[in-house]
Amino acid sequence: MPLSRPGRAARRLAVVALLLAAAVGCGDAGGLEGAGSTPTAEGPARLWPELTPASSPAFEIGEVNTEVIKGVKVPGDDIRRVNPVSIVRAEIARNPGDYDGAKAPYRDTKREMADCAKGPGHGKCPVLTPYYRDLTGDGHDDLTLGFPLLPGKTTAVRVYTVEKHRLVQVMGWEDALSGVELAGRSLVIRSPSEVAGYEYRLQWTWDRDQRAMLLTHDEMLRTGPRKHSRHPSASSLTGSSSGSSTGTPLGSPTGTPLGSPSGSPAPSSSSSPSVSPSASGG
């Protein structure tokens, strides 16, 4: 039976009410929601103010790690024309105690260098694919190089630049690696932690005053699933050699292991992308 005028009006009002409710619901989608109570902000409290501030470090940790690589020439001051294998061989020659002899800790690295005739990444050659990016801000590519320290589980990571026609190492580190990233003018190394669900992330950044890559952030960050808690907590455990840290991962979310190209391969004769691998023969 057809609805009377009052009945049709009531139905229209009901439909309008439903549409308004739906519109309000759609408007709320993606809106801000309360995160619950937050802890009261507290200012820093200085401890033991009576202690005399130290004027010199207690330990030598090699904050500025630079070295001219003797015996390796840079044709035309172009670091892409330097053979990466020759750089590693020069390091091995400078440190015979680490590589020579049956009891040397990295003896297998030297032994497998014999398989580097075709360059990094071929056969058993331990030299990983080199990467090129301007890390120093001088408009020229710098070289990031890595090679495993065999038979152990650590990997050496080095950064080289060219200064006054010479090849100069401006950063060096050895560690067990879970990932290496180039982010802007910084190098980030990710390493496993003995604490389950966390990893270490160390960031080196070019310092024009020291003419070296300095360790600017040293963080311990969560990687595993977080346990639910009724109380708010920090998103990461952080510490910074520069006095501040955001706890934000740099580069890609999962990182780009050294030797796994993050950009398209490019021949050394072409212009360099923001980061590019190259496999020079040696």
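Predicted model: local features only at pLDDT ≥ 70, side-chain atom pairs only at ≥ 80, totals over all residues.
Student: Why is strand β4 described as largely enclosed by the rest of the structure?

Tutor: Strand β4 spans residues 154-163, and burial here means under 20% relative accessible area. By that cut-off the strand is largely enclosed by the rest of the structure, because the number of its 10 residues that are buried is 9.

Student: How many bridges join β4 to strand β5, and which residue of β5 is the bridge partner of T155?

Tutor: Strand β5 covers residues 166-175 and runs antiparallel to β4. The bridges that join these two strands number 9, and within β5 the partner of T155 is D175.

Student: Which residue in the hairpin of β4 and β5 takes a positive phi?

Tutor: This hairpin has 2 residues between the strands. The positive phi, near 55 degrees, belongs to K164.

Student: What is the bridge partner of T144 in β4?

Tutor: Strand β3, residues 142-149, runs antiparallel to β4 and is joined to β4 by 7 bridges, while a hairpin connects the two strands through 4 residues. In β4, the residue bridged to T144 is V159.

Student: Which strands are included in what covers the buried residues of α2?

Tutor: Helix α2 runs over residues 84-94, and its buried residues include V85, I87, V88 and I92. The covering elements include the helices α3 and α4, and, among the strands, β2, β3, β4 and β5.

Student: Which backbone nitrogen does a side-chain oxygen of N83 reach at the start of α2?

Tutor: The side-chain oxygen of N83 comes to within 3.0 Å of a backbone nitrogen there. That nitrogen belongs to V85.

Conventions: Residues numbered from 1 in each chain as written. Heavy atoms only, no water. Buried < 20%, exposed > 50% of the residue type's maximum accessible area, 1.4 Å probe, protein only. Pairing = 2+ DSSP bridges. Contact = heavy atoms within 4.5 Å. Polar contact = N/O pair within 3.5 Å; in protein donor to acceptor, adjacent residues only side chain to side chain.
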